[in-house]
Amino acid sequence: MGSMGREEKAALISTAVTFGLALLKYAAFAVSGSLAILADSVHSLTDTLTSLLVLLGLRISKRKSKDFPYGFYKVENLVALILSLAIFFAGFEILKMSLERGYEVSNIPYAAAVAFLGLLSSYFLSIYKTKVGRETGSPSLIADGLHSRSDALSSAVVLVGVLSSYTSLPFDRISAVVVALFVFRAGWSPLKDSLRVLLDASIEPEVLLRIQRIILAKKSIKRLVKLTGRNSGRFRFIEAVIEVDTDSLREAHRLSEELEREIKAEIPRVDRILIHYEPVEKRKKRITIPL
């Protein structure tokens, strides 16, 4: 794990924790006979597979080849897209659970304890993955963190369902519908962001504005002709066309290198900057004096 980045370690920890929860919940089902616990066990197993998918995406996204000189960064966004669909599926699962008939639980305290442990584990795992994902700029890890949050809500539904076995009131069904709405809402954010990157939408306007200020702060740059940027995975690619007040190619090249250093120092996760410079158009005036 020494060669792993923080985001890869987080994905690996998530894989181990969710797999452990899947085994524990299945053991609880064997003891209590709770169908909700069994469903939650299967749910945790799907979380293990998605965490493995995130880890695979993080590994592949760092590689470059002759055929893919810009890297495989968008693999992360593709993984995030798949995970957002998994979140929607989790919401569907919760709705389905809320519509199913009641079931008997033979060992309510034990089943409730396991459901509560699953709730806490998923909640803190969600906070951890989302925090690391935002700090490292990993969209797939952020999506997986949101997925874990939906798992915590799912475990809450299971907990209510198990505890409501003491009564005949359908509190689990009502809460499941409410939770499912939150789950669908959580799945929308990574879905939207992934589609934007995969379709090469522009980077955030505030980031472009910061880059524009850095460029125009140079006195020798007379005009910013064009500025565009796009995301690929967690990285940014910037292109700019500028007018410089110099006829020296060496001076223009030195200026572009200086701009690259300053932009990379100011703007995080910039992989590549392409600056095209043009000389300021010299305007000549002809004055006619009658003799």
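Predicted model: local features only at pLDDT ≥ 70, side-chain atom pairs only at ≥ 80, totals over all residues.

Q: What is the overall make-up of the protein chain?

A: The protein chain has 8 helices and 3 strands. Starting at the N terminus, the order is α-α-α-α-α-α-α-β-β-α-β. Of its 291 residues, 44% count as buried.

Q: At what angle do H1 and H5 pack, and how far apart are their axes?

A: In general, two packed helices are described by the angle between their axes and the distance between the axes. Here, helix H1 (residues 6-32) packs with helix H5 (residues 139-163) at about 25 degrees, and the axes are 11 Å apart. H1 and H5 are therefore roughly parallel to each other. Their crossing is left-handed.

Q: Which residues make the contact?

A: From H1 come Glu7, Ala10, Ala11, Ser14 and Lys25, while H5 supplies Leu141, Asp144 and Ser155. Sorted by class, this contact of H1 with H5 has 3 nonpolar, 2 polar and 3 charged residues.

Q: Which residues of H1 are buried?

A: Among them are Glu7, Ala10, Ala11, Ser14 and Lys25, as well as Thr18, Leu21 and Ala22.

Q: How does the reach of each helix compare with the expected value?

A: H1, with 27 residues, reaches 38 Å from first C-alpha to last, close to the expected 39 Å. H5, with 25 residues, reaches 36 Å, close to the 36 Å expected.

Q: Is H5 largely enclosed or largely open?

A: Of the 25 residues of H5, 19 are buried, so H5 is largely enclosed by the rest of the structure.

Q: Where does leucine 141 lie, and what is it in contact with?

A: Leucine 141 lies in H5 and is buried, with a relative accessible area of 0%. Beyond its neighbours within four places in sequence, leucine 141 is in contact with Glu7, Ala10, Ala11, Val54, Lys129, Val132 and Gly133. Leucine 141 and serine 51 are 90 residues apart in sequence, yet 8.5 Å apart in space, C-alpha to C-alpha.

Notes
Residues numbered from 1 in each chain as written. Heavy atoms only, no water. Axes fitted to C-alpha atoms, helices over the stretch in contact; angles between N-to-C directions. Helix = DSSP H or I, 4+ residues; strand = E, 2+ residues; numbered from the N terminus. Parallel < 35°, antiparallel > 145°, perpendicular 65-115°, else oblique. Left-handed = near helix turned anticlockwise from the far one by under 90°. Contact = heavy atoms within 4.5 Å. Nonpolar A, V, L, I, M, F, W, Y, C, P; charged D, E, K, R; others polar. Expected span 1.5 Å × (residues − 1). Buried < 20%, exposed > 50% of the residue type's maximum accessible area, 1.4 Å probe, protein only.
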